[in-house]
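Work through these exercises with the structure open beside you. Try each task before you read its solution.

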Amino acid sequence: MTSPAVSTRDLPHPARDEIRLEGVLHALSDPMRLQIVRELAAVSGELTCSHFDLPVTKSTTTHHFRVLREAGVIQQIYRGTAKMNGLRRDDLDGLFPGLLDALLDAAARQAVRLGSA
């Protein structure tokens, strides 16, 4: 019996029970990563990496997405040539009820206070 071919385009994600609070908080402590999560939370589906207009280099943007994925905050999957990003809201809400909404609300209030909303 042969094993199925593993695509080099499959990206590693932590299983739900491997997601740690400190990893999630670390991932969301960076303003660029928090902006990515805020944009993903505002849509019900997925967004391509190219959707995000971050004021950093492409390699830094890739790093931010990797940190979010490895912390279990987002799910990334290739669809054709596009890398799609989705918020792992069900997993985060199941593990840490209310945390994501509280952080998103606080980030929105801070953006208004700082005039960057």
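**Exercise 1.** Decide whether Asp-91 counts as buried or exposed.

*Solution.* Start with the cut-offs: buried means under 20% relative accessible area, exposed over 50%, and partly exposed in between (1.4 Å probe, protein chains only). Asp-91 has 18% relative accessibility, so Asp-91 counts as buried. Now take its partner. The side chains of Asp-91 and Arg-88 form a salt bridge, 2.9 Å from N to O. A salt bridge here is a side-chain nitrogen of Lys or Arg within 4 Å of a carboxyl oxygen of Asp or Glu. Arg-88 has 9% relative accessibility, so Arg-88 counts as buried too.

The model is predicted: local features need pLDDT of at least 70, side-chain atom pairs count only at pLDDT 80 or more, and totals for chains, interfaces and linings use all residues. Residues are numbered from 1 along each chain as its sequence is written, and side-chain values use heavy atoms, with hydrogens and water left out.

**Exercise 2.** Find how many salt bridges the whole structure has, then examine the pair Asp-105 and Arg-109.

*Solution.* The search finds eight salt bridges. Asp-105 and Arg-109 meet at 3.0 Å, N to O. Both sit in helix H5, four residues apart, about one turn of the helix. Helices (H or I, at least four residues) and strands (E, at least two) are DSSP runs, numbered from the N terminus. Asp-105 has a relative accessible area of 41%, so Asp-105 is partly exposed. Arg-109 reaches 51%, so Arg-109 counts as exposed. Elsewhere, salt bridges with shared partners join Arg-16, Arg-88 and Asp-91 into one network.

**Exercise 3.** Work out which parts of the chain the salt bridge between Glu-46 and Arg-79 links.

*Solution.* First, the distance: the two side chains meet at 2.4 Å, N to O. Next, the places. Glu-46 is in the loop between H2 and strand S1 (47-48), and Arg-79 is in strand S2 (residues 74-79). They are 33 residues apart, so the pair links distant parts of the chain. Glu-46, at 34% relative accessibility, counts as partly exposed. Arg-79, at 45%, counts as partly exposed as well.

**Exercise 4.** Describe the largest nonpolar core and name the residues with the most contacts inside it.

*Solution.* A nonpolar core is a set of buried Ala, Val, Leu, Ile, Met, Phe, Trp, Tyr and Cys residues joined through side-chain atoms within 4.5 Å. The largest one has 24 residues, and Val-37, Leu-68 and Val-73 have the most contacts inside it. Helices H1 (21-27), H2 (31-41), H3 (58-71) and H5 (99-114) each give two or more residues. H2 gives the most, with five. Contact means heavy atoms within 4.5 Å. Find where Phe-65 lies and which residues it touches.

*Solution.* Phe-65 is in helix H3. Its relative accessible area is 3%, so Phe-65 is buried. Leaving out residues up to four places away in sequence, Phe-65 touches Ile-36, Cys-49, Phe-52, Ile-74, Gln-76 and Asn-85. Take Cys-49: Phe-65 and Cys-49 are 16 residues apart in sequence and 8.4 Å apart in space, C-alpha to C-alpha.
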